[in-house]
Amino acid sequence: MFIPLLTITLCLLPGAQKLTLTAEPGATINIRNNNKVKGCQVCTRSIIKKCSIESLNSFSGSTVSVALECSRPQDVFSIEIVRHISKCLSTDVLRFNRTFTWNLAAAAPKAFQIDFTNTGLKQINPSEKCPDRHTYTLQAFQSTGNVAVGKYCRSGTISSAQVLKMSFNNFCFNFNLFGLLCVCVIALARISLTLPKGTSSSELLSPDYPESFPDDDTMEWYFQVPDKHGVDLQFLNLTQPDCVKKEVAVEYHQKGRVTSVLGLNDTQPLQNQGDFLLTLRNCEMERAPADSPGLTFTLKVSAYPPRSKGLKK
């Protein structure tokens with residue numbers, strides 16, 4: 001049985017946001033106004049109202065109602081959840097590979113967003129291993145079965161991931177690497193990449209690789225591009241499905257520009273106007289006989305700085 005560390009009930013009041021927080025035994029909750037913004041305070045709702053501009057005293061294993069008195073409390077206050085673990089694995093167990101699994105769920109169309117704020121991640125082939133043996137795997141739970149969004153190593157351009165229904169597995173988990181947020185998403189997943197300045201190259205794999213991209217599903221990649229850089233995308237090692245309904249389509253979305261819709265075999269346009277969203281929509285595939293080809297690919301992402309040969313004016 002999965003027990004959440006924290007349950008939150010939200011109620012909007014004029015000039016305040018009321019939260020009812022229920023912490024799992026062993027989990028400690030802190031609410032902080034780190035920058036001590038004037039006009040914003042956190043108050044407990046007991047017999048006597050107590051308020052603080054700095055923080056709410058820690059509480060554990062109980063239910064507490066608080067009011068965040070501020071015009072935009074989400075921009076001022078941070079909620080810290082600390083889980084105290086007192087029992088450790090024996091040194092004999094530490095000689096073996098360990099897998100830690102977190103099953104996270106949100107009611108559609110909401111999803112969990114994980115921010116890889118410290119080092120970023122790099123996607124690898126499922127058959128590969130990470131040099132430091134810290135391997136991270138994202139899976140999405142769907143009614144038709146689980147989908148492997150990807151397998152990753154630390155240190156890369158992937159800065160965050162949004163998945164509708166998710167399982168997160170890894171070896172030797174680094175707790176400081178991730179932040180969690182509940183957001184809205186209509187695709188299987190959205191992977192955000194922060195491209196570095198200068199010339200760079202990276203590769204992404206289709207969901208469930210080397211198996212087929214899920215039938216009649218959508219995947220999104222959001223690229224944050226340095227100023228005046230160009231980005232070239234290529235679909236490599238491509239296998240295309242036999243479509244029963246619709247066609248496989250690639251969409252380029254960019255603020256202030258008309259959406260471009262292309263096929264996978266088309267020459268993909270150079271992106272040189274800043275950040276953009278790439279959406280890939282699979283068709284409804286013919287899967288009989290069982291050996292019918294599905295949709296698989298490697299997406300090569302090449303970024304170029306100003307005046308580079310790869311950047312067209």
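Buried means under 20% relative accessible area, exposed means over 50%, and partly exposed lies in between, with a 1.4 Å probe and protein chains only. The structure is a predicted model, in which local features need pLDDT of at least 70, side-chain atom pairs count only at pLDDT 80 or more, and totals for chains, interfaces and linings use all residues. Residues are numbered from 1 along each chain as its sequence is written, and side-chain values use heavy atoms, with hydrogens and water left out.

Salt bridges come first. Side chains of opposite charge can pair when their charged atoms come close. A salt bridge here is a side-chain nitrogen of Lys or Arg within 4 Å of a carboxyl oxygen of Asp or Glu, and the structure holds 5 of them. One of these joins Asp75 to Arg72, with 2.5 Å from N to O. Asp75 has 54% relative accessibility and so counts as exposed, while Arg72, at 46%, is partly exposed.

Another salt bridge is formed by the side chains of Asp132 and Arg154, at 3.3 Å from N to O. This pair links distant parts of the chain, 22 residues apart: Asp132 sits in the loop between strand S11 (121-124) and strand S12 (136-142), and Arg154 belongs to strand S13 (residues 145-154). Strands (E, at least two residues) and helices (H or I, at least four) are DSSP runs, numbered from the N terminus. Asp132 is partly exposed at a relative accessible area of 35%, and Arg154 is partly exposed at 24%.

Lys246 and Asp216 also form a salt bridge, their closest N and O atoms being 2.5 Å apart. Again the pair links distant parts of the chain, 30 residues apart, with Lys246 in the loop between strand S21 (243-245) and strand S22 (249-253), and Asp216 in the loop between strand S18 (200-205) and strand S19 (218-224). Lys246 is exposed, with a relative accessible area of 53%, whereas Asp216 is partly exposed at 34%.

Strand S26 (residues 296-304) has 8 of its 9 residues buried, so the strand is largely enclosed by the rest of the structure. Two strands pair if DSSP finds at least two bridges between them. S26 pairs with S18 in the antiparallel sense over 6 bridges, and Leu205 stands opposite Thr298 of S26. Strand S20 (residues 230-239) is also antiparallel to S26, over 8 bridges; Gln234 has Lys300 in S26 as its bridge partner.

S18 also takes part in a pocket. On a 1 Å grid over the protein atoms alone, a pocket is an open set of points with protein on both sides within 12 Å along at least five of seven lines, and its lining residues have an atom within 4 Å of a point. The second largest pocket is lined by 19 residues, and Lys122, Gln123, Ser202, Glu203 and Leu204 lie nearest its centre. S11 and S18 are the elements that give two or more residues to this lining, and S18 gives the most, with 5 residues.

Gln240 lies in the loop between S20 and S21 and is partly exposed, at 29% relative accessibility. Leaving aside neighbours within four places in sequence, Gln240 is in contact (heavy atoms within 4.5 Å) with Val248, Leu264, Asn265, Pro293 and Gly294. The C-alpha atoms of Gln240 and Asn265 are separated by 9.5 Å, and these residues are 25 apart along the chain.

Note on methods: 1 Å grid on protein atoms, 1.4 Å probe; cavity = no way out; pocket = protein on both sides within 12 Å on 5 of 7 lines; lining within 4 Å.
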